Amino acid sequence: MKYSQEELERLQAALYETLAEVDRICRKHGIRYFVTGGTAIGAYFWQKILPWDDDVDVGMMRHDYERFAQVAQEELGDRFFLQTPDTEPHTPFFFMKVRMNGSRFSESTFRHIKMHQGIYVDIFPFDKIPRQRWLEQLQQKAVFLLNGLFIATEIWQWKHCGKCDIPEPRKRGWLPCLFTRLLVTLLGKRHIYNIMYRVQTMFNGLRLDEVKNIITRSEHLPIKDIVEAQTVQLGSLQVSAPRDLLLYLNNHYGSVRKDIPDEMKVSHRPAELAFPESEK
């Protein structure tokens, strides 16, 4: 399903409003952030959210990420909700989301979960990575595995060893499903999250030059490009971006260009989309 033009315009207006609130809080409290992912592509080539995009991605170094989590709950007020594993016990996401109250952006995979499912901005933690490539890869694989367990505590995605919570079960053999079920049952959601946190942050106390969204294979950038961040245009907003934005994008995606093929213009198109009553 595709968005109507009206839906997409209203959705992106809500995203700009949510991002503006994140930016306001960060400026007030001296918290560094930077646009990432598709939002960074939009800022670099279009100076706005990508014309087909339906979410906004933001990154923060771990100390800024934790500072934002501390102050945002009071700062956001009644208009928005800070969703984290601490504020939303059933969230399947290890990272933060700032959600717009009174809205609905319910993706089919998560729609059965009893949690806030409003329009959102994603906020990802970036942690230091070792210089040894093999050690970085080992860390990433460990976090990827732990995140799969974390998600499995709320969503069972396979036909074996439990009731599948999604329309089309993902392919996985009986034995790996049993292994996952045993680990999820024995460890529990909070313990899995705590282990994942320790693996993500295990190198933060060392003198290292780069940080990364650990769960990804390649989304890394020099710390100096965050410390010396630039201001870029994103729609009507002035937002923060890595100093060498093209370097970040090429690190993450291999290579980027403005003329993205149609088959790569993907979005999250939710099963349910609704806007706050005040905006009708």
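Contact here means heavy atoms within 4.5 Å. The structure is a predicted model.

**Exercise 1. Surroundings of G59**

Task: State which element holds G59, whether G59 is buried or exposed, and which residues beyond its sequence neighbours are in contact with it.

Solution. 
- Step 1. Strand β2, residues 56-61, contains G59.
- Step 2. The relative accessible area of G59 is 0%, and buried means under 20%, so G59 is buried.
- Step 3. Once neighbours within four places in sequence are set aside, the contacts of G59 are Y33, F34, T36, F124 and F126.
- Step 4. L11 is 48 residues away from G59 along the chain, and their C-alpha atoms are 21 Å apart.

**Exercise 2. Burial of helix α2**

Task: Determine how many residues of α2 are buried, and which elements they pack against.

Solution. 
- Step 1. Eight of the 10 residues of α2 are buried, which leaves the helix mostly covered.
- Step 2. The buried residues in α2 are G37, G38, T39, A40, I41, G42, A43 and F45.
- Step 3. These buried residues pack against β1 (34-35), β2, β9 (230-234) and α8.
- Step 4. Q47 follows α2 and has a positive phi, near 60°.

**Exercise 3. Charges over rings**

Task: Find which ring R181 lies over and which ring lies under the charged end of K189.

Solution. 
- Step 1. R181 lies over the face of W156, 3.9 Å from the ring centre.
- Step 2. The charged end of K189 is placed over the ring of F150, at 5.1 Å from the centre of that ring.

**Exercise 4. The two largest pockets**

Task: Describe the volume and lining of the largest pocket, then those of the second largest pocket.

Solution. 
- Step 1. The largest pocket holds about 1700 Å³ of space.
- Step 2. Its lining has 50 residues, and the closest to the centre are F95, F124, I215, T216 and H268.
- Step 3. The elements giving two or more residues to this lining are α2 (37-46), β6 (120-128), α4 (133-152), α5 (174-187) and α8 (245-253). The largest share, seven residues, comes from α4.
- Step 4. By class, the lining of the largest pocket divides into 24 nonpolar, 15 polar and 11 charged residues.
- Step 5. The second largest pocket has a volume of about 300 Å³. Of the 12 residues that line it, K2, Y3, W52, K265 and S267 lie nearest its centre.
- Step 6. The lining of the second largest pocket has five nonpolar, three polar and four charged residues.

Conventions:
Residues numbered from 1 in each chain as written. Predicted model: local features only at pLDDT ≥ 70, side-chain atom pairs only at ≥ 80, totals over all residues. Heavy atoms only, no water. Lys NZ or Arg CZ within 6 Å of the ring centre and 35° of its normal. 1 Å grid on protein atoms, 1.4 Å probe; cavity = no way out; pocket = protein on both sides within 12 Å on 5 of 7 lines; lining within 4 Å. Points joined across faces, edges and corners; volume = space filled by probe spheres on them. Helix = DSSP H or I, 4+ residues; strand = E, 2+ residues; numbered from the N terminus. Nonpolar A, V, L, I, M, F, W, Y, C, P; charged D, E, K, R; others polar. Buried < 20%, exposed > 50% of the residue type's maximum accessible area, 1.4 Å probe, protein only.
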